[in-house]
Amino acid sequence: MIIVDRPEVLVVGYAVRTTNAAEADPARAQLPGLWTRAGSPGAFAHVPGRVDENLYAVLTDYESGHTGAYTQIVGIAVRTAARLPEGMVAVRVPGVPAMLFEARGQMPGALLETWQQVWKHTESGDTPVRAYTTDLEVHHPAGADLYVAVLPSFGES
């Protein structure tokens, strides 16, 4: 894990509100369906201004730490969100200092293992302190990069 300045990105995609506990229960899990929808061929064919071929997952609107509810949007990075297709939302992910974690290997297992590292870091009370504002996953052919927002006071005396 290293600290980086995560650049701002605009993401258009599909959203669900969930919790980690719900996602651990196959009967209540919403993320597999969200990812299936976003990953289907042509899911974003009608979205103009696509920046790259990556899929992005935005985790935001945290209720209370990593055990509370949050919103996840899975979509693509775009230049502008002037015309949203029906059923899609747009979210501007601000550029902030973030911990960078790399998930490599068989997905989704490698991604879950990486998030477990994030949760362990958070629960340990180590610095930098997680901000619980907006986190970002960038999914690409080599795996996924997780940008976990940290409080801006990190590194200040």
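A: Begin with contacts. In this predicted model, residues 24 or more positions apart account for 69% of the contacts with a separation of 6 or more.

Q: What pattern does the chain follow along the sequence?
A: Count the elements, then read their order. There are three helices and eight strands. The order is β-β-α-α-β-β-β-β-α-β-β.

Q: How does the radius of gyration of the chain sit against that of a compact globule?
A: Compare the value with what the chain length predicts. For 157 residues, a compact globule would have a radius of gyration near 15 Å. The chain has 15 Å, which agrees. For its extents, take the C-alpha box along the principal axes: roughly 45 × 35 × 30 Å.

Q: What share of the residues counts as buried?
A: Buried means under 20% relative accessible area. By that cut-off, 46% of the 157 residues are buried. The accessible surface comes to about 8,300 Å². Carbon and sulfur atoms hold 54% of that surface.

Q: What is the volume of the largest pocket?
A: Take the volume, then the lining. The volume is about 640 Å³. The lining has 24 residues, and Leu31, Trp35, Pro108, Leu111 and Leu112 are the closest to the pocket centre. Elements giving two or more residues are α1 (20-23), α2 (31-39), β4 (70-78), α3 (109-124) and β7 (134-140).

Q: Which element gives the largest share of that lining?
A: Helix α3 does, with five residues.

Technical notes. Residues are numbered from 1 along each chain as its sequence is written. This is a predicted model: local features need pLDDT of at least 70, side-chain atom pairs count only at pLDDT 80 or more; totals for chains, interfaces and linings use all residues. Side-chain values use heavy atoms; hydrogens and water are left out. On a 1 Å grid over the protein atoms alone, a cavity is a set of points where a 1.4 Å probe fits but cannot get out, and a pocket is an open set with protein on both sides within 12 Å along at least five of seven lines; lining residues have an atom within 4 Å of a point. Grid points are joined across faces, edges and corners, and a volume is the space filled by probe spheres set on the points. Helices (H or I, at least four residues) and strands (E, at least two) are DSSP runs, numbered from the N terminus. The radius of gyration is taken over C-alpha atoms; the globule rule is 2.2 Å times the number of residues to the power 0.38. Buried means under 20% relative accessible area, exposed over 50%, partly exposed in between (1.4 Å probe, protein chains only). Contact means heavy atoms within 4.5 Å. Accessible areas come from the Shrake-Rupley method with a 1.4 Å probe; for residues, only the protein chains shown count as cover.
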